[in-house]
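I opened this notebook to record what I looked up about pockets and salt bridges. My entries follow in the order in which I made them.

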Amino acid sequence: MKKTCVSNSTPLIYLSKIGEIRLLKSIFEKVYIPKAVFEEVVVRGGELNKIGVIPLEKMIKEGFIEVKEVQEQTKIIPTLHRGEMDAISLARNMEIDVLLIDDKEGYTAAGLFRLQPLRTTALLLMLYRDGAATYEAFCDSLLRLSEEGYFMKAEVYNRLIKKAKELKDSR
């Protein structure tokens, strides 16, 4: 059974940039985003003519991605951005375990609140593991993420490729 999740901005932005946003439907039944994330990704992204806004708008109109107001703000680390704070708060308010988030501080904070934080790279590996992407597509997605400005250390990149190769060899 597919789960629901809450997403912060960065995973949506980068999955859109590399043309893989639709793959979220392979893993999740529904994705919730706080209004602050909608404003950052769709409203401001649209104003700046950012690539990837149209597929996100379409997924919102379809109801796969749903914008929600944060009812109760969780007191978190003051250095987190508004979208990160709201995403963590929304996940907690809705009692949703999975949070898509890339920022190191946000990722750590989510774990402290007993959420299951997932980075964009982990999502891509899950898609490959579950058969929604080929090994070649997974490797290509990692490369495109990097080309689009997604920061990952070389050791992280190598670990991801190694894990995918292990999955490939075990099939």
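I began with the second largest pocket, which holds about 230 Å³ of space; a pocket here is an open set of points on a 1 Å grid over the protein atoms alone, where a 1.4 Å probe fits, with protein on both sides within 12 Å along at least five of seven lines, and lining residues have an atom within 4 Å of a point. Its volume is the space filled by probe spheres set on the points, which are joined across faces, edges and corners. I noted that the model is predicted, that local features need pLDDT of at least 70 and side-chain atom pairs count only at pLDDT 80 or more, while totals for chains, interfaces and linings use all residues. Residues are numbered from 1 along each chain as its sequence is written, and side-chain values use heavy atoms, with hydrogens and water left out.

Which residues lie nearest the centre of the second largest pocket? I found Ile13, Lys17, Gly45, Lys50 and Ile51 there, among 16 lining residues. Helix H1 (9-17), helix H3 (35-47) and helix H4 (53-62) are the elements that give two or more residues to this lining, where helices (H or I, at least four residues) and strands (E, at least two) are DSSP runs numbered from the N terminus. H1 gives the most, with five residues.

I then turned to the largest pocket, with about 390 Å³ of space and 17 lining residues, of which Arg119, Thr121, Phe151, Met152 and Val156 lie nearest its centre. Helix H6 (104-112), strand E5 (116-118), helix H7 (120-129) and helix H9 (154-169) each supply at least two lining residues, and the largest share, four residues, comes from H9.

Next I searched the whole structure for salt bridges (a side-chain nitrogen of Lys or Arg within 4 Å of a carboxyl oxygen of Asp or Glu) and found 11. Glu20 is buried, at 10% relative accessible area; buried means under 20%, exposed over 50% and partly exposed in between, with a 1.4 Å probe and protein chains only.

What does the salt bridge between Glu69 and Lys35 tie together? The closest N and O atoms of this pair are 3.7 Å apart. Glu69 lies in the loop between strand E3 (65-68) and helix H5 (82-94) and Lys35 in helix H3, so the pair ties together parts 34 residues apart in sequence. Glu69 is partly exposed at 46%, and Lys35 is partly exposed at 38%.
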